[in-house]
Amino acid sequence: MKVPYKPINLKKFTSRPRYIIIHDSNCRFYDLPNYKIDDNKSIVNKMRSDYFVLYNESDLPFHFVLDKIKDDYEILVGRPLRFYCVYEDIKTEFLYSVHVGICSDLSFQKPEQRMYECLCYKILSPIMIRMGIPFKNVYLHKDVTMNPDKINCPGSFFKKEIFLSILKRMLVIK
Ligand SMILES: [Zn+2]
């Protein structure tokens, strides 16, 4: 399905994003079987059309999506960076954030080391360097929600300490 573009309905950034927020697929696709396991086929196209059907929004609630395709993880565009994503449970100070979604339910599927490496190398470190977003402004959704009892995104198999140590390694500039 080709979701119709409706840029007029999306809210535009009027200054640069200041934060990065990480999600997994369970965030907006609760318990849908297609989004439990990231297999070797890309699911972003289906995710976009399901999101349109479920939420009537013409673009995904993630600017970038990490999706496993064949042997490796790739970054795909979820929502153009021109527009911001609105999460009602996230504190308003984080409105101008870059949202990155992982195509796996990380309460269900354990991430590989390579998943963290691709996330940090291919998208987070370039965005942080080009947009001047400091290390301390990278959050998990569950860090910034006003609903901590309900939101466990990304799921508990996402290990923040592993993630942050890989991110530090990928940020090194000589
Ligand atoms: Zn989330």
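Modeller: I will take strand β2. Of its 6 residues, 5 are buried, so β2 is largely enclosed by the rest of the structure. Buried here means that 20 or more other C-beta atoms lie within 10 Å of the residue's own; with 12 or fewer a residue is exposed, and in between it is partly exposed, the C-beta atoms being placed from the backbone. Strands (E, at least two residues) and helices (H or I, at least four residues) are DSSP runs, numbered from the N terminus.

Two points on reading the numbers come first. Residues are counted from 1 along each chain as its sequence is written. The model is predicted, and local features need pLDDT of at least 70, while side-chain atom pairs count only at pLDDT 80 or more; totals for chains, interfaces and linings use all residues.

β2 covers residues 64–69. Strand β3 (residues 72–77) pairs with β2 in the antiparallel sense over 6 bridges; two strands pair if DSSP finds at least two bridges between them. Within β3, Leu76 is the bridge partner of Val65. The hairpin of β2 and β3 has 2 residues between the strands. Lys70 is found in that loop, and its phi is near 55°, a positive value in a residue other than glycine. Lys70 has 8 C-beta neighbours inside 10 Å and therefore counts as exposed.

β2 is also joined to β4, which runs parallel to β2, by 3 bridges. Here Val65 stands opposite Gly101 of β4. In general, strands of a sheet pair through backbone hydrogen bonds, either parallel or antiparallel.

Beyond β4 comes β1, and these two strands pair in the parallel sense over 6 bridges. Ile22 stands opposite Val100 in β4. 5 of the 6 residues of β1 are buried, so β1 is largely enclosed by the rest of the structure. Strand β5 (residues 138–140) pairs with β1 in the parallel sense over 3 bridges, with Ile20 opposite Val138 of β5.

Put together, 5 strands make an open sheet with mixed pairing, in the order β3-β2-β4-β1-β5. β3 and β5 are the edge strands, each pairing on one side only. On average, neighbouring strands of the sheet are turned by 25° against each other, direction ignored. Helix α2 packs on the sheet and touches β1, β2, β3, β4 and β5; the direction of α2 makes about 35° with that of β3. Such angles run from 0 to 180 degrees between N-to-C directions, and the axes are lines fitted to C-alpha atoms, for helices over the stretch in contact. Contact means that the C-beta atoms of two residues, placed from the backbone, lie within 7 Å.

β2 also takes part in the largest nonpolar core. A nonpolar core is a set of buried Ala, Val, Leu, Ile, Met, Phe, Trp, Tyr and Cys residues joined through C-beta atoms within 7 Å. The largest one has 35 residues, of which Leu66, Val100, Leu119 and Leu124 touch the most other members. At least two core residues each come from β1, α1, β2, β4, α2 and α4. α2 gives the largest share, 7 residues. Leaving out residues up to four places away in sequence, Leu119 touches Leu66, Ile102 and Leu124.

Because Asn56 has 9 C-beta neighbours inside 10 Å, it counts as exposed.
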